[in-house]
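Good morning, colleagues, and thank you for coming.

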Amino acid sequence: MSVPNRQMANAIRALAMDAVERANSGHPGMPMGMADAATALFTRHLKYDPAQPKWADRDRFVLSAGHGSMLIYALLFLTGYARPTISDIEKFRQLGSPCAGHPENFELEGVETTTGPLGQGLATAVGMAIAERHLNAVYGDALVDHHTYVIAGDGCLMEGISHEAIGLAGHLGLGRLIVLWDDNRISIDGPTSLSTSEDTAKRFDAAGWHVLACDGMDFDSVDAALTAAKADPRPTLIACRTTIGFGAPKKAGTSGAHGSPLGAAEIVGAREALGWTAEPFVVPDDIFAAWRDAGKRGVAARAAWDARLASADEHVRAGFVRRLSGTPPQAAYDAIDAHIASLIAAPQTIATRKASELVLDVVTPVAPGMIGGSADLTGSNNTKTKALQPLTCDSYDGRYIYYGIREFGMAAAMNGIALHGMCLPFGGTFLVFSDYMRNAIRMSALQQTRVIYVLTHDSIGLGEDGPTHQPIEHLLSLRAIPNLAVYRPADAVETAECWALAIADAHRPSVLALSRQNLPQLRLTATANKSALGAYTLRAATAERRVVLIATGSEVHIAFAAADRLEAEGIGADVVSMPCCERFEDQTASYRASVLPDGVLTCSVEAGVTLGWERYTGRDGLRFGIDSFGASAPIDALYDKFGLTAPAIAARISSHFKE
């Protein structure tokens, strides 16, 4: 005898309220409200195989409302993923359990993306849907033909990033993207009417979406809506009218079910209302078996896909498997090596943003997985090459995305493109606008995604646009994010080296902070990739070494000139280029000491805040930088105003030795 759909959904509800209660922390209401909708999705529509969780053509499921994490933990357990186990769920939100407070992609197979910051799951899913359409255009329906499903809450759709995400998805016609909106009209503060009165359905409709409504508490209603959504060529929003905390006698439909345990008495009442008689963390055998059967629905589809891949053209199959592995082609590194050799043979004085473009010119033709873009600054970021044609709703095989003025949405979408697999996204904007997308950059680092941020106009060197556009605190701010490599190359050679490192870094995102102004090429002989060391002695002192000048990016050549002046006074000066602090910290203590030895004056030179440089200069060192906002003026006037010139730096160091 078949198990009623409502009883299958009640298994989710019971696990959710029991886990939150035991942890004395969490959000039981959303899983209890969306249990019927999730049951319809996972038993009738989602294409997946728990035994092969990395199957390339699986549907992607994103719980954008990540606070309701027990929904996905329950679903993964019930459908037969190796983890979480029931023991993991019993330890929900406890140290060592993969069932973290919010779903984390590095903890559990089946969690496609880390969610929690509201709206970002939805925006990340847009990136996944972009990757699916692109790969479908490249490989065809036989190898790539899947959907991306999202469960989003009221909070996700209030966040500003949702506007950026749905606009981009509608513009690109991402018909394989289906969003189930948990329309429970409750936020932590109370009814959503306290803070919003907009017509969400009309907002999506205006962005070019297909909009449906259903009874989110009714399995058949949700099932019918999902069927209709898959038949429409547009991205779809399904407004699922639900009751938060469904089953709880007093807290259902209230904010009391949102962000805290229900309480023992309320759980007793909920069990009675739901007809759930099993003990906590126990799922009756018949219901458990029905869920495990549902988890096997995709086995045949996955086996058929395996057969199609095995029978594909050998060249196609080899390329697909290589891209699936995430390994960039050797040709990309060979192209960069050849490019560096050409720079050594014919040095160039160019902006590092232009140097970046020259790297992309040689890499993108031989690295088909690279997908570029810009937030409406293509000509300034230099991110488009001849090999990158626009990715549009008419040409998904393109590899360049015009993101529009959507920096936050771009960053989250790039996370999704990377997490989908088989693609390496890079995108550009001005460094100062990293503030707009900082949380998505942080999520790149947390999720260990290979995303490359091309952030140009990296200092007061951008000139007349003034302090609103001149980054001051931004390099420090980005360096503070764990697991983020922040590169600030000094010339064309370092720029190429940094690109090679960013492409190779499979589990860490990268920032390339690039100059607007031209910079002289300082590296003039062929060597191994010195930027890989994070910092290195670019020029050693000729007189007795008394000072070490550490500089980054556009200030390295200024440090060179300052060193010349000091040497003329008999003060020996090493010049250290530090393109990446994070990589320098990865080196051995002995190497770091050889570059920055004790017993000499150490000075930092960077057109940004001086905070943080004391790590290398010590309390007694000198720090040349900018601890105020910039100003609107030509570049030379600005560098002179802030004392970032060779004469000013040399004079200050010289006077130090006379004190």
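**A guided tour of the model**

Cys393 is partly exposed, with a relative accessible area of 40%; here buried means under 20% relative accessible area, exposed over 50%, and partly exposed in between, using a 1.4 Å probe and protein chains only. The model before you is predicted, so local features need pLDDT of at least 70 and side-chain atom pairs count only at pLDDT 80 or more, while totals for chains, interfaces and linings use all residues. Residues are numbered from 1 along each chain as its sequence is written, and side-chain values use heavy atoms, with hydrogens and water left out.

To return to Cys393, this residue sits in the loop between helix H16 (378-381) and strand E10 (400-402). Helices (H or I, at least four residues) and strands (E, at least two) are DSSP runs, numbered from the N terminus. Between the C-alpha atoms of Cys393 and Gly121 the separation is 22 Å, and the two residues are 272 residues apart along the chain.

Let us turn to helix H1. H1 is largely enclosed by the rest of the structure, because 14 of its 19 residues are buried. Just after H1, Asn24 takes a positive phi of about 55°.

Next, the strands. Strand E11, residues 424-430, has seven of its seven residues buried, so it is largely enclosed by the rest of the structure. Which strands pair with E11? Two strands pair if DSSP finds at least two bridges between them. Strand E9 (residues 370-374) runs parallel to E11 and is joined to it by three bridges; Ile371 has Pro425 in E11 as its bridge partner. Strand E12 (residues 452-456) also runs parallel to E11, with five bridges between them, and Gly427 is partnered by Tyr453 in E12. From E11 the chain crosses through helix H18 (residues 438-447) to E12, in a β-α-β crossover that is right-handed. A crossover is right-handed if, with the strands pointing away from the viewer, the path from the first strand over the helix to the second runs clockwise.

Some backbone details deserve attention. Met422 has a positive phi of about 75° although it is not a glycine. Its place is in the loop between H17 and E11, and at 9% relative accessibility Met422 counts as buried. His457, in the loop between E12 and helix H19 (474-479), likewise has a positive phi, near 55°. Is His457 buried or exposed? With a relative accessible area of 5%, His457 is buried. Elsewhere, the peptide bond from Arg83 to Pro84 is cis, with omega near 10°, and Pro84 lies in the loop between helix H3 (70-79) and helix H4 (86-90).

On a 1 Å grid over the protein atoms alone, a cavity is a set of points where a 1.4 Å probe fits but cannot get out, and a pocket is an open set with protein on both sides within 12 Å along at least five of seven lines; lining residues have an atom within 4 Å of a point. Grid points are joined across faces, edges and corners, and a volume is the space filled by probe spheres set on the points.

The largest pocket has a volume of about 940 Å³. Of its 39 lining residues, Leu324, Gly326, Ala418, Leu419 and Gly421 are the closest to its centre. Helix H13 (314-325) and helix H17 (407-420) are the elements that give two or more residues to this lining, and H13 gives the most, with four.

The second largest pocket has a volume of about 350 Å³. It is lined by 25 residues, and the closest to its centre are His67, Leu118, Gly155, Ser187 and His258.

How many cavities of 30 Å³ or more does the structure hold? There is one. The largest cavity has a volume of about 100 Å³, and of the 14 residues that line it, Tyr48, Asp59, Tyr81, Gly110 and Glu112 lie nearest its centre.
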